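Please consult the sequence and structure shown next.

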Amino acid sequence: MRRAQLGDATAFRWLFDRYASSVRRFATDLLRNADAADECTQETFVRAHRQLASLREPDKWKSWLFSTAHFVAREHRRKSQRTTSDENAPEQVDRALDPESALLGREADHLIDNALATLSEDRRAALLLRIDHGLGYEPIAQIMGWSLSKAKVEVHRARLSLRELVGAYVEGAS
Amino acid sequence: MNACDAAALEALVAEELPNERSKSVMAHVMECEACRTELAALRDERLRFATRAHRLSQVTQAADAATWNRVAAALVPQRRTAPASARRHALSASAIAAVVCVALGFAGYTTLFHHTSPIGGEPIAVELKVQGSTAPKVFTPPRELRGKSEVPVRDLADTAWVVSLSESPKVAVKMVGGELTVSTTKTAQGTVRVHVDQGADSIDADWMLLVEEDAGTGLRVELRCKKSSCGAAPSLSLEVDVPARSTLQLDAVDADLTVHDIVGRQVARTVSGNVVLEGSGNVDVHTTSGTVEVTGVGGESRVESVSGDVQLTGACGAGCTRDITTVSGDVTLDTEDQASYLLHYKTVSGELSGDQIQDRGSGDLRIGQGEGRVSVKTVSGGLTLE
């Protein structure tokens, strides 16, 4: 991290390789559009590179990066004024698995995608930051501009909603 | 913990609790049916998202690589326009270099790369060459490097250095983009050549190439940024010839590494470049997505890869140990007639193939007399015995 702050391109490339996939997934889950998420990922890392030297606490790089990604996604949302309807849900081709596994994988992913889509954007972001990206509640509160208690409540409610929808699907399937 | 504490259970699953606290929570969970149910739900939730993340990361690898190219490209104009003083400085340096070249000719340009300090021992030659540059090329024959040389990549012309080294020097190379080939010298002198596969105008003035000797015991070649930030790095093709008993430390991003016939220890760390090692020294390779080929190495080999495929060929027998670990990269092992080793393999979901291997997650095999030891561990990468 410190090497990247000093301008070491190799170190910054390492950070990109380490976090690009997560940032892209976060942006895709927020914007529900693969192209928009692609632009958001790019812009997030460009801004991160420009502002990296100003990061005073390198240990907080991850939450700082996701804060940037969240900000960029919200900017993109405001500019594009796109809806979050299912028509805009990302379509991704699974090249890595055999057809059967790919089918099961897509089904599982769509189950989570659809459940996430029922949440408000802020609640969805908070839940993803906690469950998918492993951030603590304090960084989540800072990113979302909430109090710590509100962050916990929002994640808890989002988790219950997700659990209810996924559970209903699994029970229905069985 | 007397009641079911959802926050504690969540922190437990997220591995955020101190060890003692984890033990007390788990002790309660063992006695509490409701907590076990909640804990199972939290773990199931975590597993769902982790599986999804892993699967999507495989799907988006190509998109991530393309995004990096755009990020790198977007950063170049930022550096060119922002630091006006740096631009003036760079232009001045280039102008001075041009004037010196014109005024003093070939020999004058050469002096730009020299720092004076006593040298001794066996020399090594370093040649640098810029391709695709709009600047006129200047050919410089091999010369002795005294101390170190650090020059802007965009100003490089064909250049060569002679460096004194011991018989078993430490050689360290750091590069971003392009390819590196390391070979052995048959004489006391070696050769290194660099090709820059892009025009000088597209290379940021702050990218520097450092070539440095270390008191007769080592050589360092490093592409680095002079200022606080640099974006798209120039793609270099670098060839280095060093004594066969050299110890290598190679670090690269987006660069392919090839090493021939080095018998000293070789450590290679890459992000996305491919690695080919041919020789008999001990090797230690870490890569993120590049493929790794190790040929003819009979000593100790350790290869760690995230998504890059790994192939090891050549006889592995007495005194040979190989440890290969990948996440999703496939592993191919040679079982030629001379091979003699015990194989232990373990995979979570990777495919296993080969005449002698059983289609299950883990096992042990004896190849030949079983004198060496080979360990292969993967998450979703396959294992093939050929």
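Helices and strands are DSSP runs, with at least four residues (H or I) for a helix and at least two (E) for a strand, numbered from the N terminus. On that basis, chain A contains eight helices and zero strands. The model is a predicted one.

**Overall fold**
- In sequence order, the elements of chain A follow the pattern α-α-α-α-α-α-α-α.
- Of the contacts in chain A that link residues at least 6 apart in sequence, 64% join residues at least 24 apart.

**Burial and surface**
- Chain A comprises 174 residues, of which 49% count as buried.

**Packing of helix 2 against helix 4**
- Helix 2 of chain A spans residues 9–31 and helix 4 of chain A spans residues 61–80; their axes come within 10 Å and cross at roughly 40°.
- The two helices are therefore oblique to each other.
- The crossing of helix 2 and helix 4 of chain A is right-handed.
- On the helix 2 side, the contact involves Leu15(A), Tyr19(A), Ser22(A), Val23(A), Phe26(A), Leu30(A) and Leu31(A).
- These residues meet Trp61(A), Lys62(A), Leu65(A), Phe66(A), Ala69(A), His70(A), Ala73(A), His76(A) and Arg77(A) of helix 4.
- Classified by residue type, this contact between helix 2 and helix 4 of chain A has eleven nonpolar, three polar and two charged residues.

Definitions and conventions:
Residues numbered from 1 in each chain as written. Chains lettered and ligands numbered in written order. Predicted model: local features only at pLDDT ≥ 70, side-chain atom pairs only at ≥ 80, totals over all residues. Heavy atoms only, no water. Axes fitted to C-alpha atoms, helices over the stretch in contact; angles between N-to-C directions. Parallel < 35°, antiparallel > 145°, perpendicular 65-115°, else oblique. Left-handed = near helix turned anticlockwise from the far one by under 90°. Contact = heavy atoms within 4.5 Å. Nonpolar A, V, L, I, M, F, W, Y, C, P; charged D, E, K, R; others polar. Buried < 20%, exposed > 50% of the residue type's maximum accessible area, 1.4 Å probe, protein only.
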